[in-house]
Amino acid sequence: MSATADHAEERTNPAARLGFQPGQVVQEIGYDDDVDQELREAIEGVIESELVDEDYDDVADAVVLWFRDDDGDLTDALVDATTYIEEGGAILLLTPKTGRDGYVEPSEISEAATTAGLTASKSVSVGKDWSGSRLATPKAAKSKR
């Protein structure tokens, strides 16, 4: 594939834009019937395997965390998610967009991420109903400097 094709895929495939790579183990937390199936399939296409669920008993390269306002405490969910990933791994926090059931205020995401010791590196629209925030553990944040 040409470099131009790679760049075109990054623009059209949200999983590629979010930094997922072939061969990664990606753990999914908070799955429910409202999740974006197209995004899940796009991530699985990029990593070339299925997402592992909450019962996975090894460390993952990244976590996909679906979170809605009524799911409890976001800080606690983020702290728990960091225990599932390798040092330097990332959490993709997915929250409903403005006006959707379960919407989470950006200020709450920022505060929870900071409290959990994470750094927000990018926020993107990942589907019709969901927004994504890529949160990095401190080692990942430092390595980008």
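I looked for aromatic pairs and found 1; rings of Phe, Tyr and Trp (its six-membered ring) pair if their centres lie within 6.5 Å, with planes under 30 degrees apart stacked, over 60 edge-to-face and the rest tilted. The centres of the tryptophan 66 and tryptophan 130 rings are 4.8 Å apart and the planes stand at 80 degrees, so this pair is edge-to-face. Tryptophan 66 sits in strand β2 and tryptophan 130 in strand β5 (residues 130–136), 64 residues apart. Helices (H or I, at least four residues) and strands (E, at least two) are DSSP runs, numbered from the N terminus. Both tryptophan 66 and tryptophan 130 are buried; buried is under 20% relative accessible area, exposed over 50%, partly exposed in between (1.4 Å probe, protein chains only).

The model is predicted: local features need pLDDT of at least 70, side-chain atom pairs 80 or more, while totals for chains, interfaces and linings use all residues. Numbering runs from 1 along each chain as its sequence is written, and side-chain values use heavy atoms, without hydrogens and water.

Next I checked helix α5 (residues 106–115), whose buried residues are Ile109, Ala112 and Ala113. They span an arc of only 100 degrees around the axis (directions from the helix axis to the C-beta atoms), which puts them on the same side of α5. Ser107, Glu111, Thr114 and Thr115 are exposed on the other side. The cover over the buried residues of α5 includes α4 (74–82), β3 and β5, by contact (heavy atoms within 4.5 Å).
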